[in-house]
Amino acid sequence: MVHDFRACSDLLYHQFGLQLVNVFDTMAGHIVVTNWVVEKKVTRAKRLYCLVLDYLGVVSRHLPGPCHLDTGTEEEQVMMAARNCLYLPALS
């Protein structure tokens with residue numbers, strides 16, 4: 001499971017010839033739900049933390065927020081990466 005796999009998929013395909021299958025993209029899932037169920041046209045991609053707030057009702061203090069992993073100590077970076085992946089199974 002990943003969120004917004006477009007860039008990674010392009011990179012893997014064009015640089016290494018890899019075409020992945022059975023990858024669940026949470027952003028693609030959101031687009032399907034929004035377009036078909038809610039009948040609202042999606043005009044821009046939502047970030048992962050927004051989907052977790054919208055669909056799972058997780059309070060924002062449990063999420064890393066819109067930050068980059070290039071700041072902080074190594075331990076802080078590991079914690080932010082873990083929080084980024086924590087809710088992917090529930091979203092799928």
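User: Where is Asp 25 found in this structure?

Analyst: Asp 25 is found in the loop between helix H1 (6-16) and helix H2 (26-37); a helix here is a DSSP run of H or I with at least four residues, and a strand a run of E with at least two, numbered from the N terminus. This is a predicted model, in which local features need pLDDT of at least 70, side-chain atom pairs count only at pLDDT 80 or more, and totals for chains, interfaces and linings use all residues. Residues are numbered from 1 along each chain as its sequence is written, and side-chain values use heavy atoms, with hydrogens and water left out.

User: Why is Asp 25 said to have no salt bridge?

Analyst: The nearest side chain of opposite charge, Arg 6, is 6.1 Å away. Because a salt bridge needs a side-chain nitrogen of Lys or Arg within 4 Å of a carboxyl oxygen of Asp or Glu, Asp 25 has none, although it is buried (under 20% relative accessible area; exposed is over 50%, partly exposed in between, with a 1.4 Å probe and protein chains only).

User: What makes the link between Arg 6 and Asp 4 a salt bridge?

Analyst: The closest N and O atoms of Arg 6 and Asp 4 are 2.7 Å apart, which meets the 4 Å limit and therefore qualifies. A search of the whole structure finds 1 salt bridge.

User: How do you know that Asp 4 counts as partly exposed?

Analyst: Asp 4 has 28% relative accessibility, and therefore falls in the partly exposed range.

User: Which backbone nitrogens make polar contacts with the side chain of Asp 25?

Analyst: The side chain of Asp 25 reaches the backbone nitrogen of Phe 5 at 2.8 Å, and one of its polar atoms lies 2.9 Å from the backbone nitrogen of Met 27.

User: What makes up the largest nonpolar core?

Analyst: Leu 48, Leu 51, Val 52, Val 58, Tyr 87, Leu 88 and Leu 91 make up this core, 7 residues in all. Helix H3 (48-56) and helix H5 (88-91) each supply at least two residues, and H3 gives the most, with 3.

User: How many helices and strands does the protein have?

Analyst: The protein has 5 helices and 0 strands, and its elements run α-α-α-α-α from the N terminus. Buried residues make up 17% of its 92 residues.

Methods. A nonpolar core is a set of buried Ala, Val, Leu, Ile, Met, Phe, Trp, Tyr and Cys residues joined through side-chain atoms within 4.5 Å. Lys and Arg count as positive and Asp and Glu as negative; His and the chain ends are not counted. A polar contact is a pair of N or O atoms within 3.5 Å; within protein, one must be able to donate a hydrogen and the other to accept it, and residues adjacent in sequence count only if both atoms are side-chain atoms.
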